[in-house]
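Q: I have a model open and want to go through how its chains sit together. Can you take my questions one at a time?

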There are 10 protein chains.
Amino acid sequence: MLFQVEMTVKLPPDMPSEQAAEIKASEKAYAQELQRAGKWRHLWRVAGNYANVSIFDVEDNAELQELISHLPLFPFMEIRVKPLCRHPSSIREDDS
Amino acid sequence: MLFQVEMTVKLPPDMPSEQAAEIKASEKAYAQELQRAGKWRHLWRVAGNYANVSIFDVEDNAELQELISHLPLFPFMEIRVKPLCRHPSSIREDDS
Amino acid sequence: MLFQVEMTVKLPPDMPSEQAAEIKASEKAYAQELQRAGKWRHLWRVAGNYANVSIFDVEDNAELQELISHLPLFPFMEIRVKPLCRHPSSIREDDS
Amino acid sequence: MLFQVEMTVKLPPDMPSEQAAEIKASEKAYAQELQRAGKWRHLWRVAGNYANVSIFDVEDNAELQELISHLPLFPFMEIRVKPLCRHPSSIREDDS
Amino acid sequence: MLFQVEMTVKLPPDMPSEQAAEIKASEKAYAQELQRAGKWRHLWRVAGNYANVSIFDVEDNAELQELISHLPLFPFMEIRVKPLCRHPSSIREDDS
Amino acid sequence: MLFQVEMTVKLPPDMPSEQAAEIKASEKAYAQELQRAGKWRHLWRVAGNYANVSIFDVEDNAELQELISHLPLFPFMEIRVKPLCRHPSSIREDDS
Amino acid sequence: MLFQVEMTVKLPPDMPSEQAAEIKASEKAYAQELQRAGKWRHLWRVAGNYANVSIFDVEDNAELQELISHLPLFPFMEIRVKPLCRHPSSIREDDS
Amino acid sequence: MLFQVEMTVKLPPDMPSEQAAEIKASEKAYAQELQRAGKWRHLWRVAGNYANVSIFDVEDNAELQELISHLPLFPFMEIRVKPLCRHPSSIREDDS
Amino acid sequence: MLFQVEMTVKLPPDMPSEQAAEIKASEKAYAQELQRAGKWRHLWRVAGNYANVSIFDVEDNAELQELISHLPLFPFMEIRVKPLCRHPSSIREDDS
Amino acid sequence: MLFQVEMTVKLPPDMPSEQAAEIKASEKAYAQELQRAGKWRHLWRVAGNYANVSIFDVEDNAELQELISHLPLFPFMEIRVKPLCRHPSSIREDDS
């Protein structure tokens, strides 16, 4: 089941740079782990912003919550979620 | 080059149903043609709304404008565009 | 799987009253059918507005789209959807 | 009398984690006490956000204010309240 | 139990003036009836706008919905509702 | 002359609790003094929020500014002001 | 007593041009009458928009409502009102 | 050439009161200097807010930027600018 | 003197296509005339929207109003204006 | 390929002035380097705000992201991006 997730990162300006680097590194590792597991299906940077557009493929709402709430950057992001489903005009089999 | 395009359809309530059906049919044909051409890479319905989330893959901004402005539903949609690029944490080769 | 759905009805002011009455009657019949089927779990009026707050219980995003897009009032409503899941502090077994 | 209450938690990023843990623990205890008392009728997590959707069942506006203002997280939440009442299409007896 | 109700009137520009006059006359009669019944406690015009600020005194949310939804101007108004209760700093006995 | 004034309090999360208590105490004293003087005609709590709805009765705009700007919580509030006047449908003599 | 009034004109696109011309002509006559009477103290066009910024000088809120609600364009305008008073840094005697 | 400038002051709550007093004093001196020079033509307090409505009379956009960016409170204000010009219904010669 | 002008076209859905074509043709002629006169310095399409971003180069606010208010599409556009001036980091001589 | 980029600077009020000066100096050097390279085609100050309107000319979305994310002020700016393309009414050859 697919969800569009838009994340905008807002780090506190006084966060020490080592701490920021550490959070970003574990965020990256976690994001890649979820991608390899097939849960985080697409991940794009929004050009010109510290933000991404993502497509998650999860069992249900609970798994979506589980995955997102464990993002190391979760406390520092504005997150918008939209449930997706197959579009009647889509010709792509795996986009449902 | 990828763009996220979000479209929300707002048909005038007094549009005759035959006219609406005709526009939707040509919209569907056009959308499938662009998908087959590889230009409209993803097309999802937003569950619960007359809206979609799409990913376009175009040569440049001009082609994006060319494709979207010829949508039969173009005069009846609110459209939000975000330029995308490869995310440094992405592991998917074809998502750039 | 639960979703909060907020619907605000905006009928065109020039819709003939018979047509409006007919749409509302079929909306009511459909809403009650979905409630009896256990799909539309809660349905409340927002006091002072032509709007409701609803909780849907569906198999997946696709079923949510299927059910909402067939509402007779669907073309005349603004709809906001939020995916829900069990809250860690909830004590109610059937609220997951 | 029912109210929809939507709460979004915004903890200050520099709050010590022990303090945050303590506030969350007392929030949980208080939320469960209100649920057992029948005052906090439903409590759902909004998937992907540090937020909840709740249904309160109170005597009057004053009790709603009394209960919400004593939430340990109250100073750190954005709260939206909507008064609810029975929907004419509802078939559920206890949703009034 | 008190509620602040803010109403902004938006009549369709093509409504015939006799129809508008008729609706306004019955709105006025109804508003005065509710005031005499003690239900519509205060009614002020917002200077410079076709809008009012009102205080309703009702038994519960259901009565609020009952009273507001029968306003002749109801289909032509944007309405915002806020539940009120006694302020701890208030010295006025009848403002609870 | 009447004004609707809506105040939402946003205390800095790191304000020492003694300081907050002191400000609130002088706010309360000042609010009650203005009520006794007939300047602050109504004061209600918005249920579920750290906010109030107030009706001020002042000589002119300058007095409104004078009274509000001396509120001890003034630096910590979002304030919205609407000028009010007698509504043609009002039956209450003292609401002009 | 001064008020800033911002007016944005939104004429229905299907209003006959003679009717529009007539309304605008009486609006102009009325605006100039109020200016000569000293009630409409300043009137500026917002460059690039069908909108104006105005300063009214009235006895009280009721007179403001009286004057604005009789504008021939009143049903076709969005209007924002702000009560003004003397600024402590102002050196202009007649700006109070 | 005239511009409407609306300024809302948002001082950081932890700014020492001496520093705030100093900034406000130099702001006042600077504002009065610009008024005497005929550049800051009108300056009004918005009643009930720490905000003002101003009319600037400058040579061009560059001078507007020059004057506003040197306001001592500039880093602590939200500023909205609208270019103004003579209104065709204005009867006041010096309002162009 | 430069202004950024952003225009979004919203034609009424029931405008006859000949009328729309006629308005667009005269809009194009007028836009090209202003460009040749050096008044409309830049004109770009916003990709994916019926909107443009423009840079006007005018004598003053009055000329900006004169030029924009004569656009054939003026009654059908939302327009946002921002006054521009030379940026201290700009190296381009003609961008002042 | 052109993009309109609007940047609004929001420096933390407690940033030491030396640090702010250093960031601004490197921002200026970087901005001028990009202008000389033909990447940052236009750069204007928005009069009355700590903001700019810019036109970037880049190879693709990825380069836009590369350039903007390396701005020294990037962590302290709100940034809005719009993809541009040639307008059919434009007469300027190099504005495509």
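Q: What rotation superposes chain B on chain A?
A: A rotation of 180°, with 0.0 Å of shift along its axis, puts chain B on chain A. The RMSD is 0.0 Å. Keep in mind that this is a predicted model.

Q: Why do you say those copies meet through the same surface?
A: Because 100% of the interface residues of chain B are also interface residues in chain A.

Q: What does the UniProt annotation on chain A cover?
A: According to the UniProt record, an unreviewed entry, residues 1-89 of chain A carry the annotation "domain: Muconolactone isomerase". That span of chain A is 33% helix and 36% strand. Its end C-alpha atoms lie 18 Å apart.

Q: New topic: chains F and G. How many residues are in contact there?
A: Eleven residues of chain F are in contact with eleven residues of chain G.

Q: And how much area do chain F and chain G bury between them?
A: About 770 Å², with 77% of it on carbon and sulfur atoms. On the chain F side, the residues that lose the most area to chain G are F:Asn61, F:Pro83 and F:Cys85. Together they make up 58% of what that side buries.

Q: Which elements of chain F give two or more residues to that side?
A: Strand 1 (2-9), helix 2 (61-69) and strand 4 (77-86) of chain F. Strand 4 of chain F gives the largest share, four residues.

Q: What classes of residue are on the side of chain F that touches chain G?
A: Eight are nonpolar, two are polar and one is charged.

Q: How many salt bridges does the rule find between chain F and chain G?
A: Zero salt bridges are found across that interface. The rule for polar contact does find four residue pairs between chain F and chain G, with both residues at pLDDT 80 or more.

Q: Last one. How far apart are the closest C-alpha atoms of chain G and chain J?
A: They lie 15 Å apart, and no contact joins chain G and chain J. Chain D and chain I do not touch either. The nearest C-alpha atoms of chain D and chain I are 29 Å apart.

Definitions and conventions:
Residues numbered from 1 in each chain as written. Chains lettered and ligands numbered in written order. Predicted model: local features only at pLDDT ≥ 70, side-chain atom pairs only at ≥ 80, totals over all residues. Heavy atoms only, no water. Contact = heavy atoms within 4.5 Å. Buried area = accessible area lost by both parts, 1.4 Å probe. Salt bridge = Lys/Arg side-chain N within 4 Å of Asp/Glu carboxyl O. Polar contact = N/O pair within 3.5 Å; in protein donor to acceptor, adjacent residues only side chain to side chain. Nonpolar A, V, L, I, M, F, W, Y, C, P; charged D, E, K, R; others polar. UniProt positions renumbered as here; feature names shortened; annotations may be inferred. Least-squares fit on C-alpha atoms with pLDDT ≥ 70 in both.
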